[in-house]
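I opened the model today to look through its pocket and its sheet. My notes follow in the order I looked things up.

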Amino acid sequence: MGKFCTIGYMRIYEAEDRAQAMIDNLVAVWESSVRATHLFLSEPEILSIKEYVPEALTSVSHLIIAENEAGLPVAFMGIENGSLEMLFIQAEYRGNGIGKQLIKKGIDEYSVNRLAVNEQNPQARGFYEHMGFKVVKCTELDEQGNPYPLLYMAL
């Protein structure tokens, strides 16, 4: 399937109400994104992590959503105290500039200046480097103690 979104039709906003239907839609965006980018995760690992996504979506201070022309969420980011905690883009919408728009909004309006990314996700690392972030620290394990090295990046 070809890319079918145009940035001109995107609506980007901060979620005020985090209703269950919205959370369910965002979990679907998360899963689509993870399956396209987190190739180092096994199916059981994806399903295990997926259980925690709704809690992360409801507890993050700032949840910014990008919707397509039909009003459906196709990307989102979560921000906590100047740290980008999550950024996921539905697989079909990747490569259209949505991530760049979200990051710019995060930097300009929410003072985002740091993030962590899986070392095994080189596309994400390259994207963040393109946006001006540099690696400042590495770990052997992720924040849950799993063997997925993290790269901590800052502007």
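I began with the lining of the largest pocket: strand 4 gives the largest share of it, seven residues. Helices (H or I, at least four residues) and strands (E, at least two) are DSSP runs, numbered from the N terminus. This is a predicted model, where local features need pLDDT of at least 70 and side-chain atom pairs count only at pLDDT 80 or more, while totals for chains, interfaces and linings use all residues. Residues are numbered from 1 along each chain as its sequence is written, and side-chain values use heavy atoms, with hydrogens and water left out.

I then read the pocket volume, about 1500 Å³. A volume is the space filled by probe spheres set on grid points, which are joined across faces, edges and corners. A pocket is an open set of points on a 1 Å grid over the protein atoms alone, where a 1.4 Å probe fits, with protein on both sides within 12 Å along at least five of seven lines; lining residues have an atom within 4 Å of a point.

I found 50 lining residues, with His38, Glu85, Met86, Phe88 and Asn118 nearest the centre. The lining splits into 26 nonpolar, 15 polar and nine charged residues. Here Ala, Val, Leu, Ile, Met, Phe, Trp, Tyr, Cys and Pro count as nonpolar, Asp, Glu, Lys and Arg as charged, and the others, Gly among them, as polar.

I traced an open sheet of seven strands, order 1-2-3-4-5-7-6, with mixed pairing. Two strands pair if DSSP finds at least two bridges between them. Strand 1 (11–14) and strand 6 (134–139) are the edges, each pairing on one side only.

I checked strand 2 on both sides. Four bridges join strand 1 to strand 2, antiparallel. Six bridges join strand 2 (residues 62–67) to strand 3 (residues 73–80), also antiparallel. Ala66 is the bridge partner of Ile12, and Ala66 stands opposite Ala75 in strand 3. In the hairpin of strand 2 and strand 3, Gly71 takes a positive phi near 80°.

Last, I asked where Asn121 lies. Asn121 is in the loop between strand 5 (114–118) and helix 5 (122–130). Asn121 counts as buried because its relative accessibility is 6%. Leaving aside residues up to four places away in sequence, Asn121 touches Thr37, His38 and Phe40 (contact means heavy atoms within 4.5 Å).

Notes:
Buried means under 20% relative accessible area, exposed over 50%, partly exposed in between (1.4 Å probe, protein chains only).
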